[in-house]
Amino acid sequence: MKKKPGRPRHSPELQAEISENIIEIAMDLFTNQGYEHVSMRKIAERAGCAPPTLYHYFANKRALLQHIWTRLFDDSAKYLQERLKLSTDPKENIRNTLDIYIDYWMKHQDNYRVIFQIEDLTAKPDQDYDINDSQGLTEVFGSLEREVSKCVDSGVFRAEDPELIFQTLIGGAMGLANSLITTREFPWRESDAIIKIWLDSMIGGLEART
């Protein structure tokens with residue numbers, strides 16, 4: 001018996017277009033309705049495709065969310081790499097890296113919300129997102145930690161654990177961005193002025209006293 005012809009495969013260009021549409025719709029739904037309230041069926045309905053089509057591109061909702069996280073982390077790394085011009089002064093490089101990193105989130109606030117305000121509470125420990133999935137961000141963070149090590153080794157910073165300093169700086173940058181982006185009820189002054197004072201305070205506080 002002659003087989004009926006199967007469904008023709010989409011071209012790579014059309015597949016990329018469909019995937020992009022799914023991602024944009026999922027980001028909008030996750031941000032506005034909450035990750036836990038959005039199902040794959042709801043995403044498929046908004047995308048105008050059948051659920052099996054959606055599962056062809058993403059195995060499940062967690063895989064879709066983590067794909068989005070990697071994409072946005074890579075985008076933030078690209079933004080930083082395109083703007084950061086490393087000098088021979090590691091302290092200056094640290095300051096500029098943090099400044100540009102915060103600047104990215106301030107200019108892409110919806111991206112910030114998708115990454116830092118959506119938590120997959122049902123994920124088991126072995127299903128948690130691995131930050132190393134974003135090669136770009138891993139490279140950026142690695143570069144920043146090396147600059148911190150240079151400051152510690154040269155005596156510019158007090159003798160401390162470079163990794164601990166690096167994590168404190170990144171955590172502080174994320175926290176400042178979070179306050180400026182999400183706490184809209186507070187009468188913040190100009191964000192550039194606040195960021196400058198924060199950078200002065202953070203880096204100045206690490207410097208060795210003479």
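The structure is a predicted model, in which local features require a pLDDT of at least 70 and side-chain atom pairs are counted only at pLDDT 80 or more, while totals for chains, interfaces and linings use all residues. Residues are numbered from 1 along each chain as its sequence is written, and side-chain values use heavy atoms, with hydrogens and water left out.

The mean pLDDT (the predictor's confidence in each residue, from 0 to 100) of the protein chain is 90, and 95% of the residues reach 70 or more. Confidence in the protein chain is highest in α5, at a mean of 97, and lowest in α1, at 88. Over residues 1-8 the pLDDT is below 50, and this stretch has zero contacts in the model beyond near neighbours in sequence; a contact means heavy atoms within 4.5 Å. Where pLDDT is low, the predicted coordinates should not be read in detail.

Helices are DSSP runs (H or I, at least four residues), numbered from the N terminus. Helix α5 spans residues 90-107 and has 18 residues. From first C-alpha to last, α5 reaches 26 Å, close to the 26 Å expected at 1.5 Å a residue, where the expected span is 1.5 Å times one less than the number of residues. The N-terminal end of α5 is capped by aspartate 89, a side-chain oxygen of which lies 3.0 Å from the backbone nitrogen of lysine 91. Helix α4 has 23 residues and reaches 34 Å between its first and last C-alpha, close to the expected 33 Å. Asparagine 60 caps the N-terminal end of α4, with a side-chain oxygen 3.2 Å from the backbone nitrogen of arginine 62.

Residues are classed by relative accessible area as buried (under 20%), exposed (over 50%) or partly exposed (in between), with a 1.4 Å probe and protein chains only. The buried residues of α5 are Pro90, Asn93, Ile94, Thr97, Leu98, Ile100, Tyr101, Ile102, Tyr104, Trp105 and Met106. Their cover includes α4 (61-83), α6 (109-116), α7 (135-153), α8 (162-182) and α9 (191-206). Two of these residues, Ile94 and Leu98, are among those that touch the most other members of the largest nonpolar core, together with Ile22, Phe30, Ile43, Leu64 and Ile68. This core comprises 62 residues; a nonpolar core is a set of buried Ala, Val, Leu, Ile, Met, Phe, Trp, Tyr and Cys residues joined through side-chain atoms within 4.5 Å. Beyond its neighbours within four places in sequence, leucine 98 is in contact with Leu144, Leu169, Ile170, Ala173, Trp198 and Leu199. Isoleucine 102 and glycine 175 are 73 residues apart in sequence, with their C-alpha atoms 9.7 Å apart. Glycine 175 lies in helix α8 and is partly exposed, with a relative accessible area of 34%.

Tyrosine 129 lies in the loop between α6 and α7 and is buried, at a relative accessible area of 18%. Leaving aside neighbours within four places in sequence, tyrosine 129 is in contact with Gln66, Trp69, Thr70, Phe73 and Ser134. With threonine 70 there is also a side-chain to side-chain polar contact of 2.7 Å. Polar contacts are pairs of N or O atoms within 3.5 Å; within protein, one must be able to donate a hydrogen and the other to accept it, and residues adjacent in sequence count only if both atoms are side-chain atoms. The C-alpha atoms of tyrosine 129 and histidine 67 are separated by 9.6 Å, the two residues being 62 residues apart along the chain.

Salt bridges (a side-chain nitrogen of Lys or Arg within 4 Å of a carboxyl oxygen of Asp or Glu) number 11. In one of them, arginine 46 meets aspartate 28 at 3.4 Å, N to O. This pair links distant parts of the chain, with arginine 46 in helix α2 (residues 40-47) and aspartate 28 in helix α1 (residues 12-33), 18 residues apart. Both side chains belong to partly exposed residues, arginine 46 at 46% relative accessible area and aspartate 28 at 36%. Within helix α9, lysine 196 and aspartate 200 lie four residues apart, about one turn of the helix, and form a salt bridge at 3.1 Å between the closest N and O atoms. Lysine 196 is partly exposed at 49%, as is aspartate 200 at 34%. Salt bridges that share partners join Glu20, Glu24 and Arg71 into one network. Glutamate 190 and arginine 189 form a further salt bridge, with the closest N and O atoms 3.7 Å apart, and both residues are exposed.

Definitions and conventions: Helices (H or I, at least four residues) and strands (E, at least two) are DSSP runs, numbered from the N terminus.
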